[in-house]
Amino acid sequence: MSVLTRDEAQTRAELLDVHRYTIELDLTGGDETFGSRTLIRFAARVDGDTFVELKPAELRSVTLDGHPLDPEALDGNRLALPNLTAGEHELRVDARMRYSRTGEGMHRFTDPTDGETYVYTQLFMDDVQRVFAAFDQPDLKAVFELSVKAPQDWTVLANGITEHTDGVWKAAPTPLISTYLVAVAAGPWHSVRTEHRGLPFGLHCRRSLAPHLDADCDELLDVTRACFDRYHEKFDEPYPFDSYDQAFVPEFNAGAMENPGLVTFRDEFVYRSAVTDTERQTRAMVIAHEMAHMWFGDLVTLKWWDDIWLNESFAEYMGYQTLTEATRFSDTWTDFGVTRKSWGYDADQRPSTHPVAPEAVDDTASALLNFDGISYAKGASALRQLVTWLGEKDFLAGINTHFARHRFANATLADFIDNLAGATDRDVHAWADAWLRTTGVDTLTPHIAPGEHGTCALTVDRAGSRPHRIAAGLYDRDLGDDGGQLVLRERLHLDLPQTDAHPIGKRPALLLLNDGDLTYAKVRFDPESFETVRKDLSGLPEPLTRAVVWNALRDAVRDGELAPGAYLETARTHLPLETDLAIVQGVLAFAATYVTDRYLTPEERPAALATLSELCRDLIRRTEDGDNPGLRLIAVRHRIDVAAHPDTIAAWLADGTVPGGPELDPELRWRVLARLAVLGATDEAAIAAELERDPSATGQEGAARCRAALPDPEAKARAWQAMFDSDDLSNYLFTATARGFWQPEQADLVHAYVERYYADAVAVADRRGPAIADAAGRWAFPAHAVDADTLRLGRECLRDADPIPALRRKLVDQLDDLARALRVQGGREN
């Protein structure tokens, strides 16, 4: 299959005006394929040649202006349209298309709970070609008229309001939108419908999840309405589509997709087990993020994929900010700092880093790789810094100008910056060059020099090139009865680079750069401040301040400047006193996944697990009174995950509850069983019994993970065969199997598979495409095998095996993380 290049897209956009697609889909033809008939009305500006894209199971017929074209002329995914004359044209394509099991194109899923079947589209980048013929690039917007023939008991959702007669559903014509934003979701949905501001709103999920959606529908709709209203206060342009449906769909590869009028979410967001309030906040943020796309992405769309950040960075920033302003989730930036910013920092320090706004993305395969921590988290951080520097009033004025000038059309970075520049006297173009065209993370280090009469002065060393507007927090110890508390004396507002030392009075106990987390940079401590952090971190009064400190410690561990054991010691000291759930979850996740499993040697790991287990026990004891169920849930989850001995958690599973609560819901039961499998304390019979108890899709994934985790050569061989020798696993079952397979406790058992991994991953990626390639590189990589041989084999694979781009990017990132872990351990990379 050929990927579309930027040059090809520009040439085609200069030739064509695409007016309207009339699409007829037939979903009644069996489990493997569906019918797809497309009429494209378009015009050629001058005489010329071009092509249309599609990936059919069978191309039955093609006619151009009533004249048949040879279906055998289809070359990969391209059908040539030679010798077009200037003027209007009609192209008709009749094909059968394959359903997907990998979350790409038209994904088909049968619910094991009740046997009901659902299909939905994910057409991002170039997967529209799996569903209907198209001139598939974002700057050839058109009107889409869609009709769908479906089984009688199904409901069909689409971008616009749908009506049906005799099993045929017709959607209202869309405004001008890009091909990748067309959406269909069909099946026997459970739906909750309402209206807001004169528009129909809907929530939809599988029937088997109906009780769980109903339990949360008020919260979901409250967040949706609040964000919708807040965006109308911010934006001059009203919501540009005729309805707002949110469908929670199975086996979805992303968190959500911003299809106009029909946003699709992974249906893990319909919670069937207990969750923390921070997890509810995350779901609300995704709702706010996708709604922001209705304006930035759908109304105004990037012209080419080098401006992905215009979509994702904006939606990421606006999602967090709007949620903070409009809902009960008023502390979202702490969660962003803990969970998202580290994603950006990590991505930006790898060889695969790229600017937020790269100057050239040559083709769609390259563009797909840039949906990463840089385009989301770093870009959103840059926008937050821009608002800090520019002021929100001027920022919103520039955005509203941007919407007005480019509504239902396409725009570039240059357009966006010009529109911002028109709203301010500041040099936005220079800011964009410094922030959006560069790579890497600046590092800010304070220096405190003594002055006269016991006073001090602050200078900040900036390793990097970007300007920063930051706050520096000066904290003194509270000398009262409580002790260990830190009191904010003052927040200094600094513009970096700094020309003069800034007087700060007497030396503070702690000086914290980037207090409030308004910029994107790593921060370090002066020696006295670092000692205060070690002793009194939990005494800092604001969670966002503590998040900045924890991120600084995390960065120092990754950079080899702070011993992993010292990080664990700090967590052991201060996490039992922490009140913010996002911080507790983030610190425990880093401590377990990176510090314990990668940065410490195998000999050091048992003691680290014991430390984390003790920490979790402290948190469980602290929450015995039931006043913080979210914190208790986090502690219970991590206590299960770090258990070195099976007795305690096996007793929990047998009793169906943790003493004092919570009762073990399906998520906790599968979590316990997975850890027991790793420890060799369960067997296939117990897994089968649990699957009979919970035969849901989530149960199927839990069973796959447990079976792959069993410390048995035959179980490992079966799991490997299912992942790499067979193409039967769906995207979610592949991921579940991969997550069970590699375990640090089983390093000797799976040692022979480390070398097999590289060739087998390349082969399965070639066969199954980008979604499985991503899963194979992300979840099936032997991340536990922190040794020089694993690194050598991976580098040989990159040099000799030519993996597809999606897998190559994942391997580059994994191998860089592996090399970093070797350095932190004190080992050698070669």
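1. A search of the whole structure, which is a predicted model, finds 74 salt bridges. The points below take up a few of these pairs, and then turn to a helix and a pocket.

2. One of the salt bridges joins the side chains of Arg280 and Glu219, with an N to O distance of 3.4 Å. Since Arg280 belongs to helix H3 (residues 277-293) and Glu219 to helix H2 (residues 210-234), the pair ties together parts that are 61 residues apart in sequence. Glu219 has a relative accessibility of 21% and therefore counts as partly exposed, the cut-off for buried being under 20%.

3. Glu219 also meets the side chain of Arg328 in a salt bridge, here at 3.9 Å from N to O. Because Glu219 sits in helix H2 while Arg328 sits in the loop between helix H4 (308-326) and helix H5 (332-348), this pair ties together parts that are 109 residues apart in sequence. Arg328, at 51% relative accessibility, counts as exposed, for which the cut-off is over 50%.

4. These residues should be read together, as Glu219, Arg280 and Arg328 are linked with Asp216, Asp277 and Arg283 in a network of salt bridges.

5. Elsewhere, Glu528 forms a salt bridge with Arg507, and the closest N and O atoms of the pair are 3.4 Å apart. Glu528 counts as partly exposed at 39% relative accessibility, and Arg507 counts as partly exposed at 31%.

6. Helix H22 (residues 731-741) is largely enclosed by the rest of the structure, because nine of its 11 residues are buried.

7. Two or more lining residues are given by each of helix H14 (581-599), helix H15 (605-622), helix H23 (751-768) and helix H25 (788-800). By residue class, the lining of the second largest pocket divides into 13 nonpolar, five polar and nine charged residues.

How values were computed. Residues numbered from 1 in each chain as written. Predicted model: local features only at pLDDT ≥ 70, side-chain atom pairs only at ≥ 80, totals over all residues. Heavy atoms only, no water. Helix = DSSP H or I, 4+ residues; strand = E, 2+ residues; numbered from the N terminus. Nonpolar A, V, L, I, M, F, W, Y, C, P; charged D, E, K, R; others polar. Buried < 20%, exposed > 50% of the residue type's maximum accessible area, 1.4 Å probe, protein only. Salt bridge = Lys/Arg side-chain N within 4 Å of Asp/Glu carboxyl O.
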